[in-house]
Amino acid sequence: SRTPVATPDDACSAVKKLALGLILLLVLLVAAVLVVPGQIDWTPYRARIAQEIGGLTGRAVTIDGPVSFEMLPMPRLVAGDIRVASVPGATVPDLLAASSVDLRVSLLPLLLGRIEVVGVTFDQPSVALETLPDGRRSWDGLGDSVGRRLDSVRAAIRQGSVLWLDRRSGRQLEIETADVRLIAPGGSGPVSISGTGVVAGVPMTLDLSLQPRSPLGALPVNATIGLDATEARLGGLLRPDGGLQGDLSVVGKDLDASLARIGIKLPASSSRPGVFALRGTVQAGMDGTGVERIELADMTADLGDMRAAGGVTITLAAVPRVEATLGFNRLALADWAGDDAGPAALAARLAAALSRKAVLPVTGTLDLSVAALAVRDGLVRDLRLQAALDPARIGVTRLAFGLPGGGSAAGRSPSSRVAPE
């Protein structure tokens, strides 16, 4: 019999079959890589997964809940009961503790060695942002190794709490039932943060935008904060030294309610306006001695037909110091002292206030001037009050005013008498 002779067509057909087989094998391998992970119970491997996440974040990570992982339609990791450790010595041991974390990333950038976070959602997390007495912060160095590979991030907090604690000054702020969204497109794009929460029982809204740093290292920032019917807007720069400077405005619809939120209750008045507006420039940062100072300058305030101008400097030491200079074009006594307050009642209230200890643990000075003070029996002009504040007492160092009919009166400490001039 004759031996079959291979023809070029036979060779070409064999090559095609081999290529088709390799392609089919590749498709099966890719399908296995993409589909099989979703069919595996990853919970037994959560310690290893936590170790890998810890290596990326630079912090110890603990996962005590179930874990699932899938590749389609995009890589997704879901972990329950996860904790990320804070820095050593922190009052709150966990920087983050969440009932679950849902992380999704884009597939193609991941295959190229980059991380593009399509979305990460933290359910019922507790976040502790703490500054230690030695200046270390609980978030220092977090994710430095992964940051160089991170293209963009979209994150959300659902029904969480955020605690900000500064152990150097003893100040703290807690936001409860927080829903927060963060978008950081990566590169030099802007970062935006928006959300809602409750602070000291007051509903709050936040919109924050951070633009790319300037060549000098300053970070442009725009923020809008709403508390009830009061809205504050800030536009300025975060300096490389951690300080802040910019323009501030506060607008509210109900002055009494806004003051009550910070513990100040005014006497009942039917004539006091409710709508108010405050504008000025703000400077915040450390002074030469390392103490934090906040300065409000070029300040103007409007309430009805009343207008005030001046400035306030607050030094946030162990005992805060407040230095305020305020000048008013006019004031109506009934607006602030109550509908039934005449000059005699006001004097009695002032004497009672000066005879008891101050209730605010502050030191400082107050320089108050009023061009025209409307009282029940007439008009008091050119009122000037200067006072010294400390935790033990309020001391009036100077009081002067013009009386109805053209007279005037003035007095200085230590005498409590006001002598007619």
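Q: Why is Arg279 called partly exposed in this predicted model?
A: In this model, which is predicted, Arg279 has a relative accessible area of 42%. Buried requires under 20% and exposed requires over 50%, so a value of 42% falls in between and Arg279 counts as partly exposed.

Q: What makes Asp302 and Arg279 a salt bridge?
A: The N to O distance between the side chains of Asp302 and Arg279 is 3.9 Å, and the criterion asks for a side-chain nitrogen of Lys or Arg within 4 Å of a carboxyl oxygen of Asp or Glu, so the pair qualifies. Because Asp302 belongs to strand E15 (residues 292-303) and Arg279 to strand E14 (residues 276-286), the bridge ties together parts that are 23 residues apart in sequence. Asp302, at 23% relative accessibility, is partly exposed.

Q: What makes Asp94 and Arg83 a salt bridge, and which elements hold the two residues?
A: With the closest N and O atoms 3.6 Å apart, Asp94 and Arg83 come within the 4 Å limit, so the contact counts as a salt bridge. Asp94 lies in strand E4 and Arg83 in strand E3, so parts that are 11 residues apart in sequence are tied together by the pair. Asp94 has 22% relative accessibility and Arg83 a relative accessible area of 27%; both values lie between 20% and 50%, so both residues are partly exposed. Asp64, together with Arg83 and Asp94, belongs to a network of salt bridges, and the structure holds 14 salt bridges.

Q: How do you know that strands E2 and E3 pair, and in which sense?
A: Pairing calls for at least two bridges, and four bridges join strand E2 (residues 67-70) to strand E3 (residues 76-85), so the two strands count as paired, in the antiparallel sense. Phe69 stands opposite Leu77 in E3, and the two strands form a hairpin with five residues between them.

Q: Which residues touch the most other members of the largest nonpolar core, and what makes them part of such a core?
A: Val61, Ile63, Val67, Ile82, Val101, Phe122 and Ile175 touch the most other members of this core, which has 24 residues. At least two residues of this core come from each of helix H2 (46-57), strand E1 (61-63), E3, strand E4 (94-105), strand E5 (115-123), strand E7 (150-166) and strand E8 (171-184). A second, separate core has 19 residues, including Leu255, Leu259, Val375 and Phe401. Core membership requires a buried residue of a listed nonpolar type, joined through side-chain atoms within 4.5 Å, so each of these residues is under 20% in relative accessible area.

Notes:
Residues are numbered from 1 along each chain as its sequence is written. This is a predicted model: local features need pLDDT of at least 70, side-chain atom pairs count only at pLDDT 80 or more; totals for chains, interfaces and linings use all residues. Side-chain values use heavy atoms; hydrogens and water are left out. Buried means under 20% relative accessible area, exposed over 50%, partly exposed in between (1.4 Å probe, protein chains only).
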